[in-house]
Amino acid sequence: MKIAYLAAGAAGMYCGSCLHDNTLAAELLRMGEDLVLVPIYTPLRTDEVNVSQSRVFFGGINVYLQQKWSWFRSSPRWFDKLLDHPALLGAISQLSGSVDPSQLGDLTVSMLHGEQGNQRKELEKLVDWLLDEVQPEVVHLSNSMMLGLARMIAERCGPPVVCSLSGEDIFLEKLVEPYYSQARQLLRERSADVDAFVALNNYYADEMSDYLDVPRERVHVIPHGLDLTGHGERVGQQDGKPQLVGYLARICEDKGLHLLIEACEQLAGRPDCPEFDLHAAGYLGKGDRDYLSGIERRVAAGPLAKRFHYHGELNREQKIQLLQSLDVFSTPTVYRESKGLPALEAQANGVPVVLPRHGSFPEMIEATGGGLLFEPLDTADLAEKLFEILSNPSLAADLGQQGKSGITGRHHVSFMAEQTLALYHKLAAERV
């Protein structure tokens with residue numbers, strides 16, 4: 001089947017959506033499908049073999065310039081191609097800080113306007129390429145902020161258009177007026193231009209059905225599937241060494257590292273708590289460096305002094321090695337998480353998890369049985385749940401094995417790819 005999968009790059013960082021898109025695309029290619037993974041905005045970055053093409057559409061530099069200055073909306077394509085060079089986009093991504101929704105309202109609204117927006121020229125280039133070279137039987141958009149692309153694709157290319165739902169409401173809810181209201185209205189209008197939506201869990205399917213004002217039956221739930229190559233058994237800490245509490249996610253306030261620090265400080269003050277260290281890893285953007293610096297100052301002056309270690313950004317091998325060394329894992333997100341891929345990866349290695357009782361996490365733990373839930377933002381409850389696992393090796397082992405079995409049975413990449421392909425064929429058959 002000829003599939004065009006349009007995936008939004010994340011400005012040089014590892015992001016759950018990019019990892020999901022690349023994993024799915026790689027498995028569909030392995031199955032023999034005729035798929036092209038097309039980067040939008042910036043090149044994709046993934047810790048697995050990157051199967052995306054080198055050409056980037058809607059390059060971030062061109063998109064920004066066309067939003068700010070009208071001359072660039074009619075500049076020649078050869079000039080645009082220079083600005084879309086992957087090396088240049090990658091370099092600019094490294095220089096930029098964290099994306100600030102409060103500064104991107106006008107651009108977000110323009111992109112949602114699609115063929116009526118300031119980036120119409122970019123959309124025409126993409127559709128021309130799809131028509132001339134790919135001729136897809138289905139087009140898949142990686143998130144709902146790309147809904148502005150769907151109408152022209154559907155009208156000129158003709159295939160069904162699928163749109164993933166991957167946590168974009170967190171960005172949208174931080175837009176300022178009047179752009180927030182305009183974006184919400186455009187999302188509802190443009191949702192009619194796609195044939196089906198895909199969410200990773202029932203929580204987010206229900207949430208976005210209401211958010212986009214689309215019938216729930218149009219939102220299909222296909223759980224994220226991991227490529228389990230390299231994942232294995234938890235080793236944990238042996239020979240009397242301190243146990244390890246682990247965190248793996250972007251270093252930012254939304255992901256809740258500061259909450260884990262506070263909970264571990266409470267644990268460190270308990271004489272009945274086994275000795276432990278806290279290890280964290282994940283992407284750190286320029287805009288979040290002060291956040292990490294504040295955490296490091298707090299740790300140095302408190303009960304976790306010399307017991308907190310930040311490993312920076314890890315590749316796939318390093319990530320798995322860190323996960324397998326842990327005794328318990330937590331990402332105590334402040335917001336309601338829609339994906340939670342690191343928690344799935346931890347469980348794939350037999351590591352018990354402690355997660356907030358909101359967003360997709362209750363559904364995840366119900367399905368895998370691989371951990372405990374705590375009340376969101378309640379660091380005392382988080383500390384208590386961590387203590388339960390650290391002080392009870394039998395419980396930790398049971399939760400770890402249940403989680404690993406749950407991942408193997410429900411969150412395998414082949415299961416995800418087969419369900420996705422079945423949806424593509426169903427939509428294509430309905431067009432005949």
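1. A residue is called exposed when its relative accessible area is over 50%, buried when that area is under 20%, and partly exposed in between. By this rule Asp213 is exposed, because its relative accessible area is 57%. The structure discussed in this note is a predicted model.

2. Asp213 also deserves attention for its backbone. This residue is not a glycine, yet its phi is positive, at about 60°. Asp213 is placed in the loop between α10 (202-212) and β6 (219-221). For context, most residues other than glycine have a negative phi.

3. Phe58 belongs to the loop between β2 (34-40) and α2 (60-68). Is Phe58 buried or exposed? Phe58 is buried, with a relative accessible area of 1%, whereas Asp213 is exposed at 57%.

4. A further backbone feature concerns a peptide bond. The bond that runs from Glu177 to Pro178 is cis, and its omega is near 5°. Pro178 is located in the loop between α8 (169-172) and α9 (179-190).

5. Helix α14 covers residues 341-348, and seven of its eight residues are buried, so the helix is largely enclosed by the rest of the structure. The buried residues in α14 are Leu341, Ala343, Leu344, Glu345, Ala346, Gln347 and Ala348. After α14 comes Gly350, which has a positive phi near 75°.

6. Strand β6 contains Val219. This valine is buried, with a relative accessible area of 4%.

7. The largest share, three residues, comes from α3. By residue class, the lining of the second largest pocket consists of seven charged, four nonpolar and two polar residues.

8. Seven aromatic pairs are found in the structure. In one of them, the ring centres of Trp71 and Phe79 are 5.8 Å apart and the ring planes meet at 80°, so this pair is edge-to-face. Phe79 itself is partly exposed, with a relative accessible area of 22%. Another pair, formed by Tyr203 and Tyr204, is tilted, with 6.1 Å from centre to centre and 45° between the planes. Both tyrosines are buried: Tyr203 has a relative accessible area of 16%, and Tyr204 has one of 1%.

9. Ring pairs also join several aromatic residues into a cluster, whose members are Trp69, Trp71, Phe72, Trp78 and Phe79. The edge-to-face pair of Trp71 and Phe79 thus involves two residues of this cluster.

10. Two arginines are placed over aromatic rings. The charged end of Arg184 sits over the ring of Tyr211, 3.7 Å from the ring centre. Arg270 lies over the face of Phe387, and the distance to that ring centre is 3.8 Å.

11. How many disulfides does the structure contain? The count comes to zero. A disulfide is a covalent bond between the sulfur atoms of two cysteines. For Cys163, the closest cysteine sulfur is that of Cys15, at 15 Å, which is too far for a bond because a disulfide requires two sulfur atoms within 2.5 Å. Cys163 is buried, with a relative accessible area of 0%. Cys264 is likewise in no disulfide, and the nearest cysteine sulfur, in Cys273, is 8.5 Å away. Cys264 counts as buried as well, at 0% relative accessibility.

Methods: Residues numbered from 1 in each chain as written. Predicted model: local features only at pLDDT ≥ 70, side-chain atom pairs only at ≥ 80, totals over all residues. Heavy atoms only, no water. Helix = DSSP H or I, 4+ residues; strand = E, 2+ residues; numbered from the N terminus. Nonpolar A, V, L, I, M, F, W, Y, C, P; charged D, E, K, R; others polar. Phe/Tyr/Trp six-rings, centres within 6.5 Å; stacked < 30°, edge-to-face > 60°. Buried < 20%, exposed > 50% of the residue type's maximum accessible area, 1.4 Å probe, protein only. Lys NZ or Arg CZ within 6 Å of the ring centre and 35° of its normal.
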